[in-house]
Amino acid sequence: MRKFTPLILLAGTSAMLAACGGGGGGVFNRERPDEFAVQRQAPLVVPPDFTLTPPAPGAPRPAEGSASEQALEALFGGPAPRSRVEASVIDRAGSAAPGIRSQVGDTGTNTVAKGRTTRDIIAAPEGDGQSATTVIPS
């Protein structure tokens with residue numbers, strides 16, 4: 001067994017070295033496509049003159065509103081008109097009391113205990129609902 005170990009190591013090392021030295025210099029000397037020849041370069045064009053005039057000193061800026069308002073306007077096109085149903089619901093709801101946020105966490109605020117059922121629904125595993133079953137408690 002002692003005679004075969006150096007022979008096996010020598011054969012394995014020479015096989016690995018032979019795999020590294022393929023003909024033609026390997027990865028570093030291969031032919032590559034010219035990245036500039038892939039697409040035709042369009043000639044440079046001078047843009048048309050739009051006769052833009054510089055702003056007058058002290059004139060108000062042409063952009064109105066804050067940056068967030070401009071972003072909302074660009075993304076969503078401004079506020080959408082409310083439908084009659086939506087306006088009716090908002091009118092019936094009325095306005096909130098000014099101190100409502102401080103009253104919500106008050107211990108005297110009445111709350112509804114949702115119980116086990118709500119906790120089980122929230123903790124239910126996700127799925128497509130194809131294998132879902134219902135259980136009616138008796």
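Tutor: Helix α1 is hardly covered: of its 17 residues, the number that are buried is zero. Buried here means under 20% relative accessible area. Keep in mind that this is a predicted model.

Now the length of α1. The helix runs over residues 4-20. At 1.5 Å a residue, its 17 residues should span 24 Å, and the end C-alpha atoms lie 25 Å apart, so the two values agree.

Next, the setting of this helix. The protein has five helices and zero strands. From the N terminus, the order of elements is α-α-α-α-α. The radius of gyration is 37 Å, well over the 14 Å from the globule rule for 138 residues, so the protein is more spread out than a compact globule. Along the principal axes, its C-alpha trace spans about 95 × 80 × 35 Å.

Of the 138 residues, 0% are buried. The protein exposes about 14,500 Å², and carbon and sulfur atoms supply 61% of that area. As for charge, there are 13 positive and 13 negative charges, and their mean positions are 13 Å apart.

Helix α3 gives a second case. Just after α3 comes G94, which takes a positive phi of about 80°.

Then helix α4, at residues 100-104. R101 lies in this helix. With a relative accessible area of 79%, R101 is exposed, since the cut-off for exposed is over 50%. K114 is 13 residues from R101 along the chain, and their C-alpha atoms are separated by 21 Å.

How far does the predictor trust all this? The average pLDDT of the protein is 78. A score of at least 70 is reached by 91% of the residues. Confidence is highest in α3, at a mean of 91, and lowest in α4, at 76.

Back to your helix, then.

Technical notes: Residues numbered from 1 in each chain as written. Predicted model: local features only at pLDDT ≥ 70, side-chain atom pairs only at ≥ 80, totals over all residues. Heavy atoms only, no water. Helix = DSSP H or I, 4+ residues; strand = E, 2+ residues; numbered from the N terminus. Rg over C-alpha atoms; globule rule 2.2 N^0.38 Å. Buried < 20%, exposed > 50% of the residue type's maximum accessible area, 1.4 Å probe, protein only. Areas by Shrake-Rupley, 256 points an atom, 1.4 Å probe, with all protein chains shown as cover. Lys, Arg positive; Asp, Glu negative; His and termini not counted. Charge placed at Lys NZ, Arg CZ, Asp CG, Glu CD. Expected span 1.5 Å × (residues − 1). pLDDT = per-residue confidence, 0-100.
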